[in-house]
Amino acid sequence: MTANPSASPAWATLTASAAVVPDIRSMIDADPERPIRSTVSAAGITLDYSRQRITPEALDSLITLADQQGVFTRRAAMFAGEHINVTEDRAVLHTALRLPREATLVVDGVDVVAEVHEVLDRMGRFANAVRNGDWRGATGKRINAVVNIGIGGSDLGPAMAYDALRNYSKREMTFRFVSNVDPTDLSEAICDLDPARTLFVIASKTFSTLETMTNGQAARSWLVAALGEKAVAKHFVAVSTNTELVEAFGIDRANMFGFWDWVGGRYSMDAAIGLSTMIAIGPKGFAAMLAGFRAMDTHFATEPAARNLPVLMGLLAVWNRNFLDINTNAVLPYSQYLSRFPAYLQQLTMESNGKSIRLDGSAVTYETGAIVWGEPGTNGQHSFYQLIHQGTSPVACDIIVIAQSDNPLGDQQKILIANALAQAAVLSRGRTLDEVTSDGTEAALAPHKVMPGNRPTTVLSASQLDPFTLGALIALYEHSVFVQGALWGINSFDQWGVELGKKVALGILSVINGQGDAASLDAATRHSIAVISEQGAS
């Protein structure tokens, strides 16, 4: 049985602490050393949680609760390759994807490290061949465009990483990412490309994912119409484990890059799913990204809880969700290169911890899984920050700051950093009525300018956004999600809600195609099909 954390003495202590916790402003002003004590660094990333609404005593109680709930025991089991994904009877070994070549980790009788590096080596040879022109299309032309076709973790990770590391990419090549089965997505991605110079990477473990393979077949038709059937093998590669379907598509099995059932889709961007990333930044850049992942993995596995970045972030997320009743977390990167990072974290966090059943099958009786969203600063400041500052629902915030710009232009980086720190200050401290009126604001207008503050805010910073730093940043959030799920006693590594939607969609599709039994659908669905059909759906 998995213990119910809300029934533990530590939970009761934390509930009592939350009822009397001071506001953020008063805690910072009363203790000038608080920011220093609340700042921790690892793998090139600095975490400052001094603007979180928590006392040192409450943090100690959270660590005690985590220990009581077996979080650290479960952490060791994950790294050891035990089958902690109990609903699917699988190990959870995304951390093995970045182990060094000389390491050994035997799981179910297989040295998984050797297998990982065999795939990485094949990826490296292929990526170099595309980058240096040794791999050419069917007409002999060099490839100058790569289109990654996937969905979920097979799209969000590579797309985010490409945007984040665009400055390290091969600039003379174009990279596009297609995920939506809406035909517009693929059409817009390929409309200005030359089929003779385009390479498609189809990323689907089973090679049967409806959206991905629908887009893949459409891309295949586009290519065949221009170059003929024999061209497929020179313009398509697969990230999959289904050799039969890959070969039936026309892809040579030598150009199929596999991964394993112990890698969840949302944790797979550093596996073969990252093939397009490796082509973009090169094998050396990809290796540097893996080194960043590994540095944070090592820190998470070995550092004491009170100085452990992922543990602290995970426990603070639990504190905000369960004890301060904050159900949403805004991720606010002050870096245009990280514009897709909030979307990536949406899947990582909400698909992992959007659960209401504990590992033992019993119902959860407490909140889990915050809603994650965000946009890069400073754009968001002129959009939704108004609600964060003065809305009725408190929002916890992660502000991400990159100290050095890869594209220095005058004082713009200084302005960007000033905005990030200003938002951190106002979100956490607010602005009182006395402060508003002291600048001469009329009494009638003054209440409209009051900012309540007290919004829990974490500032994450790094010197620069290079492949190593990106890897470390992703691993930080991966392990924070793990800590939250382990404390809540849920399985962060399955996604049955996603699977059900896929199954139901296939049934509806058969009815739309005139092949299924409409009576099997509910009345509302039948009505919607009829209405949309009348509107011209085809």
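How do the residues of the lining of the second largest cavity divide into nonpolar, polar and charged? They divide into 7 nonpolar, 2 polar and no charged, where Ala, Val, Leu, Ile, Met, Phe, Trp, Tyr, Cys and Pro count as nonpolar, Asp, Glu, Lys and Arg as charged, and the others, Gly among them, as polar. The model is a predicted one, in which local features need pLDDT of at least 70 and side-chain atom pairs count only at pLDDT 80 or more, whereas totals for chains, interfaces and linings use all residues. Residues are numbered from 1 along each chain as its sequence is written, and side-chain values use heavy atoms, with hydrogens and water left out.

The sheets are described first. An open sheet of 6 strands has the order β1-β2-β13-β12-β10-β11, with mixed pairing; strands (E, at least two residues) and helices (H or I, at least four residues) are DSSP runs numbered from the N terminus, and two strands pair if DSSP finds at least two bridges between them. Its edge strands, each pairing on one side only, are β1 (39-42) and β11 (371-373), and the twist from one strand to the next averages 20°. Within this sheet, β10 and β12 are joined in the parallel sense over 6 bridges, and A330 has C397 in β12 as its bridge partner. Helix α16 packs on the sheet and touches β10, β12 and β13, its direction making about 160° with that of β12; contact here means heavy atoms within 4.5 Å, and angles run from 0 to 180 degrees between N-to-C directions, with axes as lines fitted to C-alpha atoms, for helices over the stretch in contact.

A further open sheet has 5 strands in the order β6-β5-β7-β8-β9, and its pairing is parallel. The edge strands of this sheet, β6 (174-178) and β9 (256-257), each pair on one side only. Strand β8 (residues 236-239) runs parallel to β9 and is joined to β9 by 2 bridges, with M256 in β9 as the bridge partner of A238. Helix α9 lies across β5 (145-149), β6, β7 (198-203) and β8, and runs at about 160° to β7.

Among the helices, α4 (residues 56-68) and α13 (residues 309-323) have axes that come within 10 Å and cross at roughly 100°. The two helices, α4 and α13, are therefore roughly perpendicular to each other, a class that covers angles of 65 to 115 degrees, whereas angles under 35 degrees count as roughly parallel, those over 145 as roughly antiparallel and the rest as oblique. The contact is made by A58, L59, L62, I63 and A66 of α4 and by L312, L315, W319 and F323 of α13; by class, these residues divide into 9 nonpolar, no polar and no charged.

Grid points are joined across faces, edges and corners, and a volume is the space filled by probe spheres set on the points. By this rule there are 3 cavities of 30 Å³ or more. The largest cavity has a volume of about 290 Å³ and is lined by 22 residues, of which M313, A317, N329, D398 and Q484 lie nearest its centre. Two or more residues of this lining come from each of α13, β10 (328-334), α14, β12 (396-402) and α18 (467-488), and the lining of the largest cavity divides into 12 nonpolar, 8 polar and 2 charged residues.

The second largest cavity holds about 40 Å³ of space and is lined by I45, I400, V401, I402, L460, S461, A462, T469 and L473. At least two residues of the lining of this second largest cavity are supplied by each of β12, β13 (457-462) and α18.

Of the pockets, the largest contains about 920 Å³ of space and is lined by 37 residues, with T209, G265, Q495, E499 and K502 nearest its centre. Helix α19 gives the largest share of this lining, 5 residues, and by class the lining of the largest pocket has 13 nonpolar, 15 polar and 9 charged residues. The second largest pocket, with a volume of about 470 Å³, is lined by 20 residues, of which S335, Q336, S405, Q413 and L416 lie nearest its centre. Helix α16 (residues 412-429) supplies the largest share of the lining of the second largest pocket, 5 residues.

Key
On a 1 Å grid over the protein atoms alone, a cavity is a set of points where a 1.4 Å probe fits but cannot get out, and a pocket is an open set with protein on both sides within 12 Å along at least five of seven lines; lining residues have an atom within 4 Å of a point.
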